[in-house]
Structures are given as C-alpha cells and as structure tokens.
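Welcome, and thanks for taking a look at this one with me. Here are some notes to read alongside the picture.

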Amino acid sequence: MSEKPDTQSRYLPQERKNRILSMLVEHGRAGVTDISAALAVSEMTVRRDLAELEAEGKLSRVHGGAVLVETSNQPIMDPVPAHFDARLSLNRDSKMRIARQAAEVAGRYQTVALDIGTTTLFMAEELVKYERLKIFTNSVRVAHALGRHSQAPEVYLAGGVMRDDEMAIVGPSAIEQFQQFWFDIAFISASGMTSQGIYDGALDESEMKRVLIRRSGYKVLLCDAAKFQHMSLVHVAQLQDINMLITDCEPPAVLATALELAKVQVLIAS
C-alpha cells in the first residue's frame with residue numbers, strides 16, 4: 001500500500017531541506033522516520049528531499065536515513081594556545097591575504113572595531129591608508145601599529161588591565177567602556193571554528209569579543225583554514241551571530257553547510 005501524500009506541511013520545500021540539514025549539523029545523522037515525524041511530512045517526501053540534497057553534495061544517504069558529508073571530520077580540542085610571537089609566523093601568508101581582504105571591507109565603513117589577534121595585527125598595517133576611519137581596539141599592538149604612522153585613522157584604545165603576552169586590554173573597565181559604543185563593523189578573531197560556532201582559549205578576552213559582536217552593526221570573522229574544525233576552552237558565539245567569514249580557502253562540507261544555514265557570507269581571500 002502506498003503512503004498517503006502530505007496534506008498539510010508547515011514548511012516550504014527549501015525550508016524543509018534546511019531543517020533536515022540543521023538536524024544533521026546538530027546530530028551528524030538522522031533517520032527518515034525521525035525526520036518525517038519532526039517535519040510532519042510523509043517518509044516519501046523525506047526520501048525525495050534527501051535524494052535532492054545528496055545530488056547537491058550536501059549529505060550522503062545511508063540505510064534508513066542520511067549523514068552529513070565528511071562526518072568523520074570531528075572537531076579537535078586544542079591545547080593551551082601558543083605565545084603570540086609563535087602564532088605570528090604560523091600560516092603567515094594566509095593571514096596576510098585575509099588581512100588585505102578584510103581591510104578592503106573595513107574601508108567602506110566609518111567606525112571599525114578590531115579584536116586582538118595576529119590576523120587583526122596584519123590588518124592594522126593595511127588600514128593606515130584609510131585616514132577617515134575611527135578604529136576602536138583593545139589590542140595595544142594594533143593601536144601601536146596604527147599610531148606610529150603620521151597619516152592614519154584615529155585610534156581609540158580601551159582602558160583596563162593589560163595581559164602581557166597578548167598585550168590585550170581586558171577587565172571590567174574595558175568591557176564597560178566599549179559597551180557604551182556602537183560600531184559600524186567589527187572584525188573578530190578566533191582560535192577555532194566548528195558548525196557549533198567560534199571558540200577562543202582565554203576567558204577574559206572572550207568577553208570582549210562578545211561585546212564587539214553585540215555592539216556592532218556588521219560582524220566579520222577572520223579565520224584561516226587551519227582553525228576549521230578546532231575547538232578551544234570558551235565558546236564565544238554561534239555562527240548566526242556573525243555576518244561574514246573571511247578565510248583563505250573553502251570550508252569543509254560540514255562547516256560550509258552550517259555557514260549556509262546560518263546565512264553567513266563566505267569571502268575567500270585571493
């Protein structure tokens with residue numbers, strides 16, 4: 001006996017597919033019966049959607065359901081982050097390409113928030129030609145890189161306690177100060193990125209990242225491909241909290257699917 005056709009579905013076809021992909025991003029695998037129950041559609045409809053998604057390269061069908069492509073690529077938990085100088089030379093070419101692309105994006109705005117990090121430091125060197133910008137940062141290195149040029153954007157440095165290695169201004173006074181501002185755009189760094197969001201290895205620095213995300217109209221994540229599928233101590237934000245990812249190569253399929261669902265624009269630095 002054939003299955004009854006769907007009489008009333010809450011979802012349009014593309015919404016259905018997005019819901020299926022969201023289930024796979026969250027769980028890694030989903031069965032036809034479970035998807036059918038969750039979406040209130042027939043199993044025949046689910047199988048048709050799975051076939052179309054497989055043809056698009058978004059998933060792989062298995063007996064009784066589907067899995068995301070590359071589900072074996074599990075996130076890696078990173079140890080304590082390396083010192084700043086060591087990270088400065090790590091994937092340097094990729095970071096500099098990302099920094100140049102990010103500077104071009106920043107040049108379209110007026111008030112720009114820059115997070116701490118090696119890539120944002122490279123970005124600061126690219127921003128010196130944009131004199132009309134106002135740069136807000138909690139990175140002493142970024143402020144110095146901009147401030148040593150006679151013709152450069154205005155720089156506003158947060159006040160608070162400085163962490164020696166990162167030369168980052170952190171603490172309640174820095175947080176309170178930057179919570180008073182509203183930025184056109186913020187550029188955020190991260191130590192890792194998965195389908196569940198972005199990560200950092202330091203508690204105090206992570207809180208400032210959240211402030212920059214909350215207080216900015218447009219949020220850009222700068223993340224080289226070496227950090228894909230890596231996690232750290234602190235979960236900073238969801239993918240839905242950012243608007244754009246600037247990176248050096250295409251994300252793996254699992255992450256690319258999550259970014260698409262979160263409506264994050266991916267910009268590959270050439």
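At roughly what angle do the axes of helix H1 and helix H3 cross, and within what distance do they come? Point 2 has the reply, after a word on the model.

1. **What you are looking at.** This is a predicted model, in which local features need pLDDT of at least 70, side-chain atom pairs count only at pLDDT 80 or more, and totals for chains, interfaces and linings use all residues. Residues are numbered from 1 along each chain as its sequence is written, and side-chain values use heavy atoms, with hydrogens and water left out. The protein chain has 10 helices and 17 strands; helices (H or I, at least four residues) and strands (E, at least two) are DSSP runs, numbered from the N terminus. Its C-alpha trace spans about 80 × 35 × 35 Å along the principal axes. Of the chain's 270 residues, 49% count as buried, where buried means under 20% relative accessible area, exposed over 50% and partly exposed in between, for a 1.4 Å probe and protein chains only.

2. **H1 against H3.** The axes of helix H1 (residues 13-27) and helix H3 (residues 43-55) cross at roughly 80 degrees and come within 10 Å. Axes here are lines fitted to C-alpha atoms, for helices over the stretch in contact, with angles from 0 to 180 degrees between N-to-C directions. H1 and H3 are therefore roughly perpendicular to each other; angles of 65 to 115 degrees get that label, under 35 is roughly parallel, over 145 roughly antiparallel, and the rest oblique. On the H1 side you will find Arg16, Lys17, Ile20 and Leu21, which meet Thr45, Asp49, Leu50, Glu52 and Leu53 of H3. By class, this contact of H1 with H3 holds four nonpolar, one polar and four charged residues. In that scheme Ala, Val, Leu, Ile, Met, Phe, Trp, Tyr, Cys and Pro are nonpolar, Asp, Glu, Lys and Arg are charged, and the others, Gly among them, are polar.

3. **H6 against H7.** Now turn to helix H6 (residues 118-126) and helix H7 (residues 140-147), which pack at an angle of about 15 degrees with their axes 9 Å apart. That makes H6 roughly parallel to H7. Thr120, Leu121, Ala124 and Glu125 of H6 make the contact with Arg141, Val142, Ala145 and Leu146 of H7, contact meaning heavy atoms within 4.5 Å. Five of the residues in the contact of H6 with H7 are nonpolar, one is polar and two are charged.

4. H6 is mostly covered, with seven of its nine residues buried. Those buried residues are Thr118, Thr119, Thr120, Leu121, Phe122, Met123 and Ala124. The elements covering them include helix H4 (84-88), helix H5 (92-106), strand S5 (111-114), H7, strand S10 (183-189) and strand S13 (216-222).

5. **The cores.** A nonpolar core is a set of buried Ala, Val, Leu, Ile, Met, Phe, Trp, Tyr and Cys residues joined through side-chain atoms within 4.5 Å. The largest one has 49 residues, and Met193, Ile198 and Leu221 touch the most other members. H1 gives the most to this core, with five residues. Setting aside neighbours within four places in sequence, leucine 221 is in contact with Ile188, Ser189, Ala190, Met193, Ile198, Ile242, Met244, Leu245 and Ile246.

6. **Two positive phi values.** Which loops hold asparagine 91 and glutamine 229? Asparagine 91 sits between H4 and H5, has a phi near 55 degrees and is partly exposed, with a relative accessible area of 33%. Glutamine 229 lies between S13 and strand S14 (230-231); its phi is about 60 degrees, positive although it is not a glycine, and at 5% relative accessibility it counts as buried.

7. **Two last residues.** Serine 36 is in helix H2 (residues 32-39) and is buried, with a relative accessible area of 12%. Beyond its neighbours within four places in sequence, serine 36 is in contact with Val41, Ser42, Glu43 and Val46. Glycine 57 is in the loop between H3 and strand S2 (59-62) and counts as partly exposed at 41% relative accessibility.
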